[in-house]
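Here is a short note to read alongside the coordinates. Please keep the viewer open while going through the points.

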Amino acid sequence: MHNHTIAELITGLRNKVFSSTELTQHFLARIKTLDSDFNSLISVTEAQALKAAAVADQQLAAGDAPTLCGIPIVHKDIFCTQGVRTSCGSKMLDNFVPPYNATVIENFQNSGAVMLGKSNMDEFAMGSSNETSFYGPVKNPWSTDCVPGGSSGGSAAAVAARLTPGATATDTGGSIRQPAALCGVTGLKPTYGRVSRWGMIAFASSLDQGGPMARTAEDCALLLNCMASYDHKDSTCIDRPIPNYAANLGDSLQGLRIGIPKEYFSEGLNAGTQKAVQTSLSEYEKMGAKLVEISLPNTGLSVPAYYVIAPAEASANLSRFDGVKYGYRCDNPQDLQDLYCRTRAEGFGDEVQRRILIGTYCLSAGYYDAYYGKAQQVRQLIRQDFEQAFEQVDLIMSPTCPSPAFKFDAKGNDPVAMYLEDIYTISTNLAGLPGMSVPCGMVDGKPVGLQIIGNYFDEARMLNAAYQFQQATDWHQLTPEGV
Amino acid sequence: MSIENNTIENLANLARIAIDKDQVAEISQRLGSVLQLVDQLQAADTSGLTDLDHPMQGTQRLREDTVTETDQREAFQAVAPDTEDGLYLVPKVID
């Protein structure tokens, strides 16, 4: 059952090959047996899952069930789930039980999907390796001495290890696409404003976006159909019609113009990764697409701009964690200042503290214009690069990451070395464009991802291109040993 | 580049995060290396450009000024560290 895609499980449930209860029990048993090897989940919601599965079975029997009714799913522990601990991978929220559901969670509940648990992640979504979680690192199912990527490492590992057929995740600088690439799964970051951020614990408000992870593009389309919604409670949500993302997956790619940015194929790119990506691009040519060399000249400014904007916005967003209304509080605070300072020093891990301090610096008096103001202007340059490119091409493709999964501690004490892992994904967030990663090869036994970037609200075309690639290749079907 | 130690202490105060004196040097060095990365921005020509703070260049939506939410204080305070009579308790602020 765990080797089926979501699309196949939907058919299986309706043809009564299995019930949602059987499916849920199957995945819960797999989690019990296997997850100690990967540490992909922070909370497992067994009782709740079985209850939801029973309700789903009744709905399926009545014959009017929504598409995802009875399908098991894992949610990144950044989405508030009413009555279920939501930790954001942090000691600060280890005891936090939200009194409400995030809109994304409500959407899945209304669809009848069955929540298996909450997945592990880098603390407050800050990281590219899932090494900063309060709950310990997640291990890559392809090579457990390697990172799964981050910050959605738990969701990616759980899907790769077939502990769940699909998962939700979030992406601020690459946190869906990069772990999807390193774990050999498919992940999609929608256009900014496509998916509601209500109840999605905020890291960088102008960059964050929730999206699906699964083994196939078709499955991601089905999940995105559920996740995307206009929500008046999120004032950055865009009110725009939502297509059926699964409707045009089979469209021909004849004449599709694919932009290949030359700046994404320069030094620092692993040779094996480059070869896998170039072979994949040849597959697209066989399907009738045309490759066009393009330039995104301000690519080199994307990492510096991001590491001003994201920490600055994070420093503002994380100021709410102060030991007063919820979350961790230090023992015996002497006065209010002591309450704030020790709660935050004890509740936040090192990387989070570092980013808050950088953000505070960039926003402080005398530095705001030189850092935050400048970075927001550079963001215009990056957006303009993409606008110009999309006048000549329909999609842009590149490697997702500069190399396959690296060993734990490989980036050592150098934060900048870790930040450069995001070099191909960050510009997409700065411009607000949609992007996805699909498995496209293996290097030394570890997966490689192909990144597909679309124009604003063009997720359907990205998914169509990804789906057709997955008809012509089988990288997405490979399974790690032992799962 | 490095940041002066008293700048780190000032930042820690602004961010309300307690930092031990023996951590200051290490933090200063790490922050310095990030700021070195970030200084690359200064070379960019951004004359005439406005800030891009919303990727869609969206504007803030407004709504009617009417009450729509219900009182959920009990539910919200159920997860609070310390409350009394519907108020959040903190150490004494005023002497």
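1. Conventions. This is a predicted model: local features need pLDDT of at least 70, side-chain atom pairs count only at pLDDT 80 or more, and totals for chains, interfaces and linings use all residues. Residues are numbered from 1 along each chain as its sequence is written, while chains are lettered from A and ligands numbered from 1 in the order in which they are written.

2. Domains of chain A. An automatic or database domain assignment sets the bounds. Chain A splits into domain 1 (6-244) and domain 2 (300-375). Their C-alpha centres lie 27 Å apart. Domain 1 of chain A gives 21 residues to the contact, and domain 2 of chain A gives 17 (contact: C-beta atoms, placed from the backbone, within 7 Å).

3. Helix H7 of chain A. Helices are DSSP runs (H or I, at least four residues), numbered from the N terminus. Eleven of the eleven residues of H7(A), 217-227, are buried, so this helix is largely enclosed by the rest of the structure. Among them are A:Glu218 and A:Asp219. Buried means that 20 or more other C-beta atoms, placed from the backbone, lie within 10 Å of the residue's own.

4. Interface of chains A and B. Here 54 residues of chain A contact 41 residues of chain B. Helices H9 (302-317), H10 (336-347), H11 (350-363), H12 (369-392) and H13 (415-419) of chain A each supply at least two residues of chain A's side. H12(A) has the largest share, eleven residues.

Key. A residue is buried if 20 or more other C-beta atoms lie within 10 Å of its own, exposed if 12 or fewer, and partly exposed in between; C-beta atoms are placed from the backbone. Two residues are in contact if their C-beta atoms, placed from the backbone, lie within 7 Å.
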